[in-house]
Amino acid sequence: MENGGAGTLWIRQVLLLFVLPGMSQVGSEPGRFLVAEEMQSGSFVGNVAKDLGLEVGELSARGARVVSNDNKQRLRLDTNTGDLLLSETLDREELCGSAEPCVLYFQVLMNNPMQFLQIELEVRDINDHSPVFLEKEMLLEIPENSPAGAVFLLESAKDLDVGVNAVKSYTISPNSHFHIKMRVNPDNRKYPELILDKALDYEEEPELSFILTAVDGGSPPRSGTALVRVVVMDINDNTPEFEQTFYEVNIPENSVLGSLVVTVSAWDLDSGINGEISYTFSHASEEIRKTFEINQKSGEVSLKASLDFEAMDSYSIIIQATDGGGLFGKSTVRIQVMDVNDNAPEIAVSSITSPIPENWPETVVMVFSIRDKDSGENGKMVCSIPEDLPFLLKSSVENYYTLETESPLDREIRAEYNITITVTDLGTPRLQTQQNITVLVSDVNDNAPAFSQSSYTLFVPENNSPALHIGSVSATDRDSGSNAQVTYSLLPPRDPHLPLASLVSINADNGQLFALRSLDFEALRAFEFRVGAADRGSPALRSEALVRVAVLDDNDNPPFVLYPPQNGSAPCTELLPRAAEAGYLVSKVVAVDGDSGQNAWLSFQLLKATEPGLFSVWPHNGEVRTARPLGERDAARHRLVVLVRDSGEPALSASVTLHVLLVDGFSQPYLPPPEAAPAQAQADSLTVYLVVALAAVSSLFLFSVLLFVAVRLCRRDRAASGGRCSVPEGRFPGHLVDVSGAGTLSQSYQYEVCLTGGSRTNEFKFLKPIIPNLPPQCPGKDIEENPTFPGSFEFNIQ
């Protein structure tokens, strides 16, 4: 209703403009501009803002435009600069004819508030027309009895220009009878008079002629000529008379040029030349002379220019019949122009509403009127628009229409409509006019934001800095303006134990996500939350998306050594037989890393050794092996420092110390190569046989001696005595080499050790393990306290 009221007020103001075109709405002097005729379209006329004291921005803000009384847009206003420009080439003669000055009136119409500024445009004449005599040959019939000094009127030249560019002077070619005298009529137009200097003699010279020249005052001057023929007549005492004193004729406006309009007829009672009649227009206007012509001999009036019923529907012409003696009679001809359908309908727009909100029913888009300059059936009209558009036309008062929406519009489907309004008259043939308008559809918040993905996966390295940008979510809204401005927020997590508010935050304007604190891969590897997107419409519409954050591991945990243990009070000692060959597995370092992936790939390196070159560490599994066979000169104790390093960037490391004790005669499950086993077995069998034989003989002899000595002693002391076999009380480490290649000391064993009976050597006999899978022992302390344990075995002889 508010829009309708504003439109009605505007229409009333426009009507007021046409009713009172000369009234100034602001009470100030009108702006006056000067322009020369025939200037090209687009030529600069003046600056409205400068001449009228307005701000340039005010013109644009208030929608200023130029209107005229006749609805013709001869000027246009550039509201950005305030310049007034020509919309078409102006012809002063067409606009004002002979009127001087030629002033056109315009109004500058501004809205909010409504204001009219009067503009006067003076079209300055240029010398673009030459003086023209309507009759190229003037015939003067002068009685021979005319006295010297008699004055005869000549037809003046017509110059469409005005002012200084109008006719300035007349001259005639030299002759002995006449001279020219200039006269000025009351409307300030100059016309020539022919003055008789010398009496005429019909018998001596019945006819004479000279050239009449009209010169204008332009620069450079233009001129026009006409031939003046003077016929000397005898005395005439009868005037011509017409058959009818009044003629009335009807003629269609589309009559072809040269067609006969009417034929007038007159007679004269005189004879000879005094009875010869010629027909001319008397005191005819320029418009009549331009439109019609008359045959001087026959009195036939024919069409010379096209007729326009809408411009002039009738003509009244006075025809003069002049006889040879200069006497004349008059008759009036009235020509009535009949209308034909030669004007297409016209459309005048009163108001246009654009843009219009979507989803609004039956909205008035445009108010306009139609007219046809023709009359009768030729002026009846039919108005229509295309049927495939959601608009309809409604007729209000006579020839006024409204263009309305037929149903609610959807801006997201179509935001702009180009509507062609067609007006067709009912004449024959039918003529039509089309008016194209563009209707924009404004947005209403009817679309919720839509995320580019239903779920997002973000990767964040652990130990990140606070406020780190970890990724973004994006949502778009099909609406426009504020209805399409999206605001992002974090939604409450579904897991009540997830401290989402302390983990991440989101930029409400652009959807960027930030980690609020440093994340720990080992504590929290991934978490999920939901993000909401809401537009700024009223009411606001919302949508949500799932975001999954995966924490990427960083190399922030150094390797941790599991074996040998690092929390014992005494270091573990590994026993190594001196008979061990190169590649003998001494021990294995076992370590783990709290990181994952490449950061947990461990490598081992021998960092420091008591004797370099004796031991080596396999880099991939941490096995400590002998690098060469052991020698007698190698120290009994060795201290190895093994470095464990991960593959992270930068790499982290840890070190562990191994204590290795070399022992003599410590048996080991060492397997010789397969090809040497049979020969070695045969040699061992022969040796055994020899040793057994020698031992048997020696034992028998020794037994006899000892038995003899013992019997004697027993008898002497009368006491009985017995012998016993002693074994060392210390425990050996239960580590045995794993030769399976697995690289891990998988089992621990404990053996019984005993010296062979009757032997004074340090040979050991290994029995089968009696307690498998025992945890590793650390007997290094006991061994260090009794370093000479091979020689501590005691034998008690009974």
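Start by selecting Pro252 and Met338. Met338, in strand S23, is the bridge partner of Pro252. The model is predicted, so local features need pLDDT of at least 70 and side-chain atom pairs count only at pLDDT 80 or more, while totals for chains, interfaces and linings use all residues. Residues are numbered from 1 along each chain as its sequence is written, and side-chain values use heavy atoms, with hydrogens and water left out.

Now widen the selection to S16, residues 246–252, and S23, residues 328–338. Strands (E, at least two residues) and helices (H or I, at least four) are DSSP runs, numbered from the N terminus. S16 and S23 run parallel, joined by seven bridges. Two strands pair if DSSP finds at least two bridges between them. Colour the two faces of S16. Tyr247, Val249 and Ile251 make up the covered face. Phe246, Glu248, Asn250 and Pro252 make up the uncovered one.

**Zoom out**

Show the whole protein. It has eight helices and 53 strands. Of its 798 residues, 38% count as buried. Buried means under 20% relative accessible area, exposed means over 50%, and partly exposed lies in between (1.4 Å probe, protein chains only). Accessible areas come from the Shrake-Rupley method with a 1.4 Å probe; for residues, only the protein chains shown count as cover. Among contacts with a separation of 6 or more, 67% are between residues 24 or more positions apart. A contact means heavy atoms within 4.5 Å.

**The disulfide**

How many disulfides does the structure hold? One. A disulfide is a pair of cysteine sulfur atoms within 2.5 Å. Select Cys96 and Cys102 to see the link, with the sulfur atoms 1.8 Å apart. The link is right-handed, with 65 degrees about the S-S bond. Cys96 and Cys102 are both buried. Next, jump to Cys383. This residue is buried, with a relative accessible area of 14%.

**Salt bridges**

Side chains of opposite charge can pair when their charged atoms come close. A salt bridge here is a side-chain nitrogen of Lys or Arg within 4 Å of a carboxyl oxygen of Asp or Glu. The count by this rule is 23.

Select Arg183 and Glu193. Their side chains form a salt bridge at 3.0 Å, N to O. Arg183 lies in strand S11 (residues 178–184) and Glu193 in strand S12 (residues 190–196), so the pair ties together parts that are 10 residues apart in sequence. Glu193 is buried, at 9%.

Move on to Lys373 and Glu346. Their side chains meet at 3.8 Å, N to O, in another salt bridge. Lys373 sits in the loop between strand S26 (364–371) and strand S27 (381–384), and Glu346 in strand S24 (residues 346–352), 27 residues apart. Lys373 is partly exposed, with a relative accessible area of 41%. Glu346 is partly exposed too, at 28%.

Then pick Glu404 and Lys394. This salt bridge spans 3.1 Å, N to O. The pair links Glu404 in strand S29 (residues 400–405) with Lys394 in strand S28 (residues 391–395), 10 residues apart. Glu404 is buried at 11% relative accessible area, whereas Lys394 is partly exposed at 37%. Finish this stop with Arg32, Glu120 and Glu122. Salt bridges that share partners join them into one network.

**A nonpolar patch**

Switch to a surface view. Select Phe701, Leu702, Val705, Leu706, Phe708, Val709 and Leu713. Together they form a nonpolar patch with about 660 Å² of accessible area. Patches are made of residues with over 30% relative accessible area and no salt bridge: like charges are joined within 9 Å, nonpolar side chains (Val, Leu, Ile, Met, Phe, Trp, Tyr) within 5 Å. Val705 belongs to helix H7, residues 677–717. Val705 is partly exposed, at 37% relative accessible area.

**Last stop: an open sheet**

Select strands S25, S31, S30 and S27. In that order, these four form an open sheet with mixed pairing. S25 (356–357) and S27 are at the edges, each with a single partner strand, so one side of each has no neighbour in the sheet. S25 and S31 (residues 432–442) run parallel and share two bridges. To end, click Pro357: opposite this residue, in S31, stands Ser442.
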